[in-house]
Structures are given as C-alpha cells and as structure tokens.
Amino acid sequence: MVKGHCKMSLRLTDNPCVKQLEMINVAGVVSIILFYALILVVGIWAGRKKQAGNDSEEEVMLAGRSIGLFVGIFTMTATWVGGGYINGTAEAIYTSGLVWCQAPFGYALSLVFGGIFFANPMRKQGYITMLDPLQDSFGERMGGLLFLPALCGEVFWAAGILAALGATLSVIIDMDHRTSVILSSGIAIFYTLFGGLYSVAYTDVIQLFCIFIGLWMCIPFAWSNEHVKSLGDMDVDWIGHVEPKQRWFYIDYGLLLVFGGIPWQVYFQRVLSSKTAGRAQLLSYVAAAGCILMAIPPVLIGAIAKATPWNETEYKGPYPLTVDQTSMILPMVLQYLTPDFVSFFGLGAVSAAVMSSADSSVLSAASMFARNVYKLIFRQKASEMEIIWVMRVAIIIVGILATIMALTIPSIYGLWSMCSDLVYVILFPQLLMVVHFKKHCNTYGSLAAYIVALFIRLSGGEALLGLPALIHYPGYDEETRTQLFPFRTMAMLMSLITLIFVSWWTKMMFESGKLPPSYDYFRCVVNIPEDVQRVGDPAESGEQLSVMAGPLARSYGAATMAGKDERNGRINPALESDDDLPVAEARRMNQETAQFQVKKMLDTATGKPGGGGGQSQSMAMPTTEQDNTAF
C-alpha cells in the first residue's frame, strides 16, 4: 500500500512483452496449483474451528475474539505484509533505492502508533468494526458517509493485487491473466465465505511462511548468479538519495504511510479479534518488528536486480527495463537468476501470498457493510443470523466487484491511490477525535471536516487517474505534474482543525441560545431525543453504562448491541486479566462491579460521600454529560 516512489506492484501490464516460453510453463503452473491447494485446505480447515451453530457477528467477523498469541502475531503482521508489500519493496529498491522504500518503516510505525493510541481503547469498548466509534459519536448516516472511503480503499486494494497477480503470471509462466485472476479470487472468496476471520487468520500464517521460506531459498542462488555484479560496485546505486526539492514530498508520503496506515478495517479487524486489550497492543508491537523482518528478503532481491545487467541474461525484453517490467522485478529475479527447482517454490509462494492478501480486504469491506450500513442504518432490529447472511452475500459481491475491476480497469492502482489518500485525510482525524476527544466533536464538525478534506485532496489532482490539479501548490513540478508540497498532510490537518472548530462553534451557538434548538437538524447538541441518555465515558476497566428511558430506546454503541460484549450478565473478553480466568469467577467480578456502580450512583444522588470506601479510589465513575451523538 505504498504510492509515489515506493509503489506496490498494482498496475496492469498493457503493452506486449517478449515471452520466453512458446507454451505454458508446466512446472510453474504445477507449483502455483500446489500452493493454492495448500491455502485452500488450510482455509477450509480453519473455518471448521468456528463453534458449531454459533453464527454471531463476533464469531464470524472477529473469530469469537479468541485468536491466540501465535496466530495473532502472524495475522497482525499480515495486515500489511503480503504479495503487494514484497513486490512493491523490491520494485522501490530497483527503481529509486533504499531511501525511497518507505513502506517497511512507515507501516511498522503505523502499527506501533496504532498499538499505543488506538488498540487499547478500541478493544476495551468491545467494538466490532472500525466504524463503530464513528457512528457512536456522529450517528448512523454520517457513519455511512465515512464508510465510503473505507469501502473503496478495501475493494480497490483487493482488485489491484488481483490485477498485479494476473499480469505477473501472464508474463512469467505465460498463463492467461483472466484465468489466474478468476481462479485466485474464487479460492479466496470460497474459504472466506466458509470460515470468516478464522480462515483469514490461519491462511495468513501459511502466507507469511510461504513468503519467508520461498524468498530466502532464492536469495543465495540469485546472489551467486554469474551475471550479478557486486553490490558494493560504484556503478550499482541501490541506496538512492532524496533531492533537496523533494524533501517535503518525501515527508508527506512518510506521514501518509504512518498515520494513513492506521484507520483501516484490516488492522482493527485483528485488534478487535484479540482476547484482551493488552494482547491487542502486544500484537501490534510484535507485528511492527515483523514488518521490518519480512522486508529484508525483497530488499535484497531488489538490490540484486539493480546489480544485474538484464541484457546479459536470458531475458529478451526491453532494456533498460520499462515501468511494466520493473513492477514485476521480484518474479523476474526468481525466473531468470535462480535454478528451475528454486523458482518453482519462489513463484508458487509469491503467487499464493498475493492471492491470500485479497481475503482480509474482502472480509473487511463485507463486515463494515453488513454491520455499519445494513444493520445500523436500514435494519436496526435485524437478527444476528440475518446480518451474517447479509455479510456472506456482501463477501460474494465485493469479491466479484474486485475481480471485474481487476480485469477491466487499467487505472485500478490510481483509483486505490486516491482512496488511500482519502482514508488518511478524512478518516484519521475523525477516528483520532472520537477515540480520545469525543466530547470536543459532533456531527456538524464531522461533515464540515469531511468536505474540507475531500476538496483539498481532489484539488491537488492525481496523475495516475489523469485528474488535473486545480490548485498548484508551492513547488508544483509542471514537467511531471507532481505536487511537491505536502498537501495531503495539509488536508489532514485542515480537516482536524475544521472538525474541532465547527464542533465548538455549533455547540457554543446552540447552548448559548443564539441558535434555537429547532435548528439542531442533526440532533446532536441540544435537540437530543428523550428516548435515550448516555452516561458519560466508560470506566477505566472498559465498562460502559447506558440508561434507557423507554422500551424503544436506540443506541449505536457496540457495547449496547447484542453480543458477547454486552453488560447484561455477559462477559467482555477484553476485561479478562488472565486467559485462564474461570467463567464463573469472571461473571462474579462483573456482577460485583455493576453492584458497586449502582450503589455509588445512589449514594451520589442522595448526597452521601464516599460510596464504596477504598474501592472508590480505583474505580472511575462515568460523568453525567451526554455524548455528542446524532440520532
């Protein structure tokens, strides 16, 4: 998921390439079939781990919040490490050098910051998707609007890596790209439909093993190839450099990777499936190290490719390599610089990894649609089984859409590039505010911030889509039509400032009486319906309390939805201090906490001090301020 000089290999090959084989490479096809079969078998096996008869949202979307430590480390690392990650890293090293390969460090830092600032509060609240806190604070319809960039980003990403896979296989083993794309998407959709996050998580383990073993097996043979020069040769510049005029451009993309890599459902899908909030943080930190570790093989392969005079090898295509060839530099190294039996494993591993990368994006998009659009906007009273069936249908539709886009849209990478920018400039500031400062934002600020961020980003243009720049920011390069000014980060900051200012201004105007309550169209400041009252923030232990004033009362919070995270006698796994804590003991502790809170509320209402002795010192009580929620 990297753009600019550190691009993922997400472009279709649209010009003819000289193929080395007159017929299909049988060994290559066999290797891909074997690795695909392995992924499929593991996906189906993992789907059987789902509790029989339990088709709840948590069970299917979050694997029952029971992902263990070992599988959790692999699936969290696979948030970013996949086929696109390794291909793009090798391409960046070959085309621009190590300094421009920002993805490994950028996404590693995004996992670290995600663990520090978002994993703990999000998991403690027991949310199901990333959009839950946004709809909790801004209402269903505004949440539906925020769903659009998140949805497009996931769908275009899945389509992009499928397109790249088709282009790669069509060149390397002379396999029809339509066949490979349809086969890959069909397998990914099938096991995701069958097992939900269980299948996605366990195939991630196989995916990372395939990448790690397959690439390390190829490196010694490629490095010792007679055509490869020494990496210390003065003519081989695989380090690269940053021109002075490109420094702000470089920083802009670095910040985009770090903070724009946080508000993705593929990440929070893993966070929210962890057994505890503390484990979610731990997995984020370990996965950050995993991102760096998994980047080492493609970095070395990119450097080896840079040190190779390709016109002296069996490669007969254009030289110097064109953009279409450089986007496939990693499989080219495997094919031309390693023995057949080695490339057999390497190509199969890479292809299976690319195919497996599409599954989590498909599941993420389908989960957000089923819960945050279908249920919370159109069918609030829908049963759990109905939501699961909607999600399954959505998995099929999203998979088909991604497949069609991969086969028909030549600028699919440009579309994904634009959507990933919108995730950064629109979703990140809003998610930051609702998780940490939700009393300082409301629906009016959210809508205004959305419009401002969208306008500033679109005004900068997108060369990959042929979208001209409406505004030439300082340092605009007319020759390459590139914005060297960090306008993406500026759009994000302007969105954040707008969200805070408009929220403050509307709250001040309504509460001071300068605007009558009837003007509170979004019903989030003073014109709040009387059928529901929220009682402040959750306590430090992650509890949440809602006081319902009528039988038809509505609430958007994940903690008030049917599921394991409800407070009505059920247990939230995020609050368990130990994985081995007996259920009866956890239930007893939960009931004691509830009794203590009720007693303290009664003591406060009657004016009695204390209300709990020493225990009150360690238990924070919710305030009586209402959330800025639009109903």
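Trainee: Great. What kind of model is it, and what is its mean pLDDT?
Mentor: This is a predicted model. The mean pLDDT of the protein is 79, and 79% of its residues reach 70 or more.

Trainee: Where is confidence lowest, and where is it highest?
Mentor: Confidence is lowest in strand β2, residues 546–548, where the mean is 33. It is highest in helix α19, residues 487–511, at 96.

Trainee: OK, the big picture now. How many helices and strands does the protein have?
Mentor: Its secondary structure comes to 20 helices and two strands.

Trainee: How much of the protein is buried?
Mentor: Of its 631 residues, 59% count as buried. The protein exposes about 25200 Å², with carbon and sulfur atoms supplying 65% of that area.

Trainee: What share of the contacts links residues 24 or more positions apart?
Mentor: Among contacts with a separation of 6 or more, 82% are between residues 24 or more positions apart.

Trainee: Let's look at helix pairs. At what angle do α5 and α11 pack?
Mentor: Helix α5 (residues 103–124) and helix α11 (residues 265–272) pack at about 55°, and their axes are 10 Å apart. The two are therefore oblique to each other.

Trainee: Is that crossing left-handed or right-handed?
Mentor: α5 passes α11 in a right-handed crossing.

Trainee: Which residues meet there?
Mentor: On the α5 side, they include Leu111, Gly114, Gly115 and Phe118. On the α11 side, they are Tyr267, Phe268, Val271 and Leu272.

Trainee: Nice. What about α9 and α12?
Mentor: Helix α9 (residues 197–223) and helix α12 (residues 277–306) pack at an angle of about 30°, with 10 Å between their axes. Angles under 35 degrees count as roughly parallel, so α9 and α12 are roughly parallel to each other. Their crossing is left-handed.

Trainee: And who touches whom in that pair?
Mentor: From α9, the residues include Leu208, Ile211, Phe212 and Trp216. From α12, they include Leu293, Met294, Pro297 and Pro298.

Trainee: Does Leu208 turn up anywhere else, or which residue touches it?
Mentor: Thr77 does: it touches Leu208, along with Ala287, Gly290, Cys291 and Met294, leaving aside residues up to four places away in sequence. Thr77 lies in helix α3, residues 69–77.

Trainee: Why does Thr77 count as buried?
Mentor: Thr77 counts as buried because its relative accessibility is 4%, and the cut-off is under 20%.

Trainee: How far is Thr77 from Val286?
Mentor: Their C-alpha atoms are separated by 7.9 Å, although the two are 209 residues apart along the chain.

Trainee: Back to α19 for a moment. What can you tell me about Phe487?
Mentor: Phe487 is found in helix α19. It is buried, with a relative accessible area of 0%. Not counting residues up to four places away in sequence, Phe487 touches Asp252, Ile456, Arg457, Gly460 and Tyr473.

Trainee: Which helix is mostly covered?
Mentor: One is α14, residues 329–336, where eight of its eight residues are buried. Among them are Ile329, Leu330, Pro331 and Met332.

Trainee: Last topic: the backbone. Which peptide bond is cis?
Mentor: The bond from Tyr319 to Pro320 is cis, with omega near 0°. Pro320 lies in the loop between α12 and α13. Most residues other than glycine have a negative phi, and most peptide bonds are trans.

Trainee: Which residues have a positive phi, then?
Mentor: Arg65 is one of them, with phi near 50°. Arg523 has a positive phi too, near 55°.

Trainee: Where do they sit, and are they buried or exposed?
Mentor: Arg65 lies in the loop between α2 and α3, and it is buried at a relative accessible area of 2%. Arg523 lies in the loop between α19 and β1, and it is partly exposed at 35%.

Note on methods. Residues are numbered from 1 along each chain as its sequence is written. This is a predicted model: local features need pLDDT of at least 70, side-chain atom pairs count only at pLDDT 80 or more; totals for chains, interfaces and linings use all residues. Side-chain values use heavy atoms; hydrogens and water are left out. pLDDT is the predictor's confidence in each residue, from 0 to 100. Helices (H or I, at least four residues) and strands (E, at least two) are DSSP runs, numbered from the N terminus. Buried means under 20% relative accessible area, exposed over 50%, partly exposed in between (1.4 Å probe, protein chains only). Contact means heavy atoms within 4.5 Å. Accessible areas come from the Shrake-Rupley method with a 1.4 Å probe; for residues, only the protein chains shown count as cover. Axes are lines fitted to C-alpha atoms, for helices over the stretch in contact, and angles run from 0 to 180 degrees between N-to-C directions. Angles under 35 degrees count as roughly parallel, over 145 as roughly antiparallel, 65 to 115 as roughly perpendicular and the rest as oblique. A crossing is left-handed if the near helix is turned anticlockwise from the far one by less than a right angle, and right-handed if clockwise.
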